[in-house]
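Work through the exercises below with the coordinates open. Each task is followed by its solution in steps.

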Amino acid sequence: MLKILVYDDEISKLKTPLLVVPVFEDQELLPEKLKFLESDIIPDISRIKESSRFNAKEEDYRVVFTNNEDLPMLVLLGAG
């Protein structure tokens with residue numbers, strides 16, 4: 001069963017196997033509310049930023065794994 005929630009408050013308390021994060025071309029790759037995950041992301045976020053494979057254009061995405069047991073996987077979804 002797939003359950004979709006639009007969530008904005010206290011993401012650090014969220015427990016989910018997958019979090020989809022919309023990313024716009026003119027914003028930072030990791031929104032301020034997810035900075036607590038920065039040290040858990042594999043590969044580190046700076047390597048993802050340098051990658052030409054993710055430009056945050058529409059339909060662009062990047063699957064990112066973390067060492068955080070409550071949020072083990074993120075999908076950075078390009079929103080244009």
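**Exercise 1: surface and overall dimensions**

The chain has an accessible surface of about 5,800 Å², and carbon and sulfur atoms hold 52% of that area (Shrake-Rupley method, 1.4 Å probe; for residues, only the protein chains shown count as cover). The model is predicted, so local features need pLDDT of at least 70 and side-chain atom pairs pLDDT 80 or more, while totals for chains, interfaces and linings use all residues. Residues are numbered from 1 along each chain as its sequence is written, and side-chain values use heavy atoms, without hydrogens and water.

Task: compare the radius of gyration of the chain with that of a compact globule.

Solution. 
1. The radius is taken over C-alpha atoms, and the globule rule is 2.2 Å times the number of residues to the power 0.38.
2. For 80 residues this rule gives a value near 12 Å; the chain has 12 Å, which agrees.
3. The C-alpha trace spans about 30 × 25 × 25 Å along its principal axes.

**Exercise 2: threonine 66**

Task: decide whether threonine 66 is buried or exposed, and describe its surroundings.

Solution. 
1. Threonine 66 belongs to strand β3 (residues 61–66), where it is the bridge partner of isoleucine 41.
2. Buried means under 20% relative accessible area, exposed over 50%, and partly exposed in between (1.4 Å probe, protein chains only). Threonine 66 counts as buried because its relative accessibility is 9%.
3. Contact means heavy atoms within 4.5 Å. Leaving aside neighbours within four places in sequence, threonine 66 is in contact with Asp40, Ile41, Ile42, Leu71, Pro72 and Leu74.
4. A polar atom of the threonine 66 side chain lies 2.5 Å from the backbone oxygen of leucine 71.

Definitions and conventions:
Helix = DSSP H or I, 4+ residues; strand = E, 2+ residues; numbered from the N terminus. Polar contact = N/O pair within 3.5 Å; in protein donor to acceptor, adjacent residues only side chain to side chain. Pairing = 2+ DSSP bridges.
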